[in-house]
Amino acid sequence: YIKRASFLQMAELADSSSFWIRGRSLEDISEYTHKNNGLRVYLSSGANKNGVCSFNVAYDVGSRYEQPHEKGNAHFLEHATFQGTNTWDFMSSGAEINAMTQVDLTNFYATLPSDKLHAYAANEGERMARNKFTEAQVSKERFVVSGEKNIGENNPMQLVYSAMVRTALGADTTIGREEDFTAATAESLNAFWRKHYTTDRAAIFCCGDLPSYAAAGSHLKTGSPLKTGSPLKTTLDVIHKEFGGIEKRSEDFVEPEGLARQYGVKTAVVDCLSTPANIVALGFRAPSANKRDCAVLNLISKMFGKHDRAKELVKKGLFYDIGAQNSEFRTDNLFMATGGMGAVDMRAQNVGMNCMLALVESFKQLKPNADELNRAKLELHRDYDMRGLSNTEKMLKINSNFQKTFNAFHGIETKALIDGI
């Protein structure tokens with residue numbers, strides 16, 4: 001189902017400029033789209049020449065894209081895909097490699113020595129094109145995923161968040177249900193991979209001290225030397241070599257429809273016997289990540305627990321902690337305010353819920369002073385800064401196609417929105 005470029009085409013790392021459509025540039029980030037297969041690439045060659053870089057491959061797939069018989073598949077494949085590749089060889093040479101699955105995104109990311117970048121790109125290209133799972137691999141990962149699920153079921157905050165996402169957004173938890181990944185087969189997982197993990201539903205984020213020297217060529221599958229060029233150009237040539245020959249194959253894919261308007265309040269009660277604590281939470285369907293109001297909610301989330309009214313409730317002992325978070329999903333979003341309580345009865349829980357509702361209402365009349373607002377802005381600026389390569393996930397905030405991954409250069413544009421609030 002995939003046609004890779006022939007060995008003769010790949011043997012020489014030729015100039016790939018004609019295969020890329022140049023998109024927008026913002027600060028030091030450049031956007032490109034491959035003409036043949038729709039692969040999106042975002043490059044940033046940092047000023048810090050520390051011999052370290054990152055390479056992320058993000059796919060537009062998560063629990064929101066799973067059919068009823070596919071629940072948990074994206075998370076399951078996140079685990080299983082590490083088998084059968086050279087991932088562990090890279091980790092033994094000092095690379096930090098991991099992956100994560102969200103409601104609408106799966107990301108494989110690595111921070112590694114710069115001279116390993118081209119070899120790692122070859123590894124990821126092979127993963128996208130050739131991944132095929134066996135029943136032995138699936139059986140092994142069932143045990144791992146089941147253990148992770150058991151850990152999550154003993155985390156009350158995780159249970160509350162999962163229930164909120166499921167109730168408010170109709171998206172199941174990424175890990176799925178035990179019966180789902182127990183029933184998964186190699187055949188069903190391979191079909192899911194072929195449908196979703198494609199070039200036209202993927203984006204590559206590469207940043208840091210990108211190499212451009214010929215020595216890196218010795219790590220490529222063909223062993224051919226790299227042509228001398230700028231770090232960005234050389235990296236594009238390498239990505240074209242490893243991914244350019246992969247045909248897009250998601251013509252039959254249909255984006256999930258947005259949620260219908262909600263009338264009235266939805267509620268969920270979660271029992272967690274491993275802890276005596278109680279948590280009350282309010283979730284609100286909110287604007288998607290590219291909207292100005294999303295930036296406003298990000299600021300509110302930073303100020304929520306620091307509000308005088310919130311501090312007063314904690315001081316009185318009704319709550320031991322109050323906070324908020326804004327999930328920043330690409331489509332239907334979720335703003336959640338939470339209050340942690342001790343071992344209390346149902347009456348106290350109801351009092352706590354009413355206090356949280358009143359606290360949320362008070363924010364509609366919030367008039368923070370300049371210092372409070374500036375502190376919240378500073379915190380968000382820190383969240384959106386890439387800070388070199390210390391947090392490769394921040395590259396996920398830099399994507400041009402809102403419907404496909406996040407929003408257009410989301411992190412930086414949100415910083416601009418924040419400054420105007």
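Predicted model: local features only at pLDDT ≥ 70, side-chain atom pairs only at ≥ 80, totals over all residues.

Begin by selecting Asp60, which lies in the loop between strand S4 (52–59) and helix H2 (73–80). With a relative accessible area of 0%, Asp60 is buried.

Next, select Cys53 together with Cys206. Cys53 is buried, its relative accessible area being 0%, and Cys206, at 0% relative accessibility, counts as buried too. Are these sulfurs bonded or too far apart for a bond? The sulfur of Cys206 is 5.6 Å from the closest cysteine sulfur, that of Cys53, which is too far for a bond, because a disulfide requires the two sulfur atoms to lie within 2.5 Å. The count for the model comes to 0 disulfides.

Now turn to the aromatic rings, of which the model has 9 pairs. Select Tyr59 and Phe108, whose ring centres are 6.0 Å apart and whose planes meet at 80°, so the pair is edge-to-face. Since Tyr59 belongs to strand S4 and Phe108 to strand S6 (residues 106–113), this pair ties together parts that are 49 residues apart in sequence. Tyr59 is buried, with a relative accessible area of 0%, and Phe108, at 1% relative accessibility, counts as buried as well.

Move on to Phe133 and Trp193, an aromatic pair that is likewise edge-to-face, with 5.9 Å from centre to centre and 75° between the planes. Here Phe133 sits in the loop between helix H4 (117–130) and helix H5 (135–152), while Trp193 is in helix H8 (residues 186–196), and the pair links these distant parts of the chain, 60 residues apart. Both Phe133 and Trp193 are buried.

Finally, look for charges placed over rings. Which residue lies over the face of Phe108? Select Arg127, which lies there at 4.9 Å from the ring centre. For the last stop, select Arg201 and Tyr65, where the charged end of Arg201 sits over the ring of Tyr65, 5.3 Å from its centre.

Note on methods: Residues numbered from 1 in each chain as written. Heavy atoms only, no water. Helix = DSSP H or I, 4+ residues; strand = E, 2+ residues; numbered from the N terminus. Buried < 20%, exposed > 50% of the residue type's maximum accessible area, 1.4 Å probe, protein only. Phe/Tyr/Trp six-rings, centres within 6.5 Å; stacked < 30°, edge-to-face > 60°. Lys NZ or Arg CZ within 6 Å of the ring centre and 35° of its normal.
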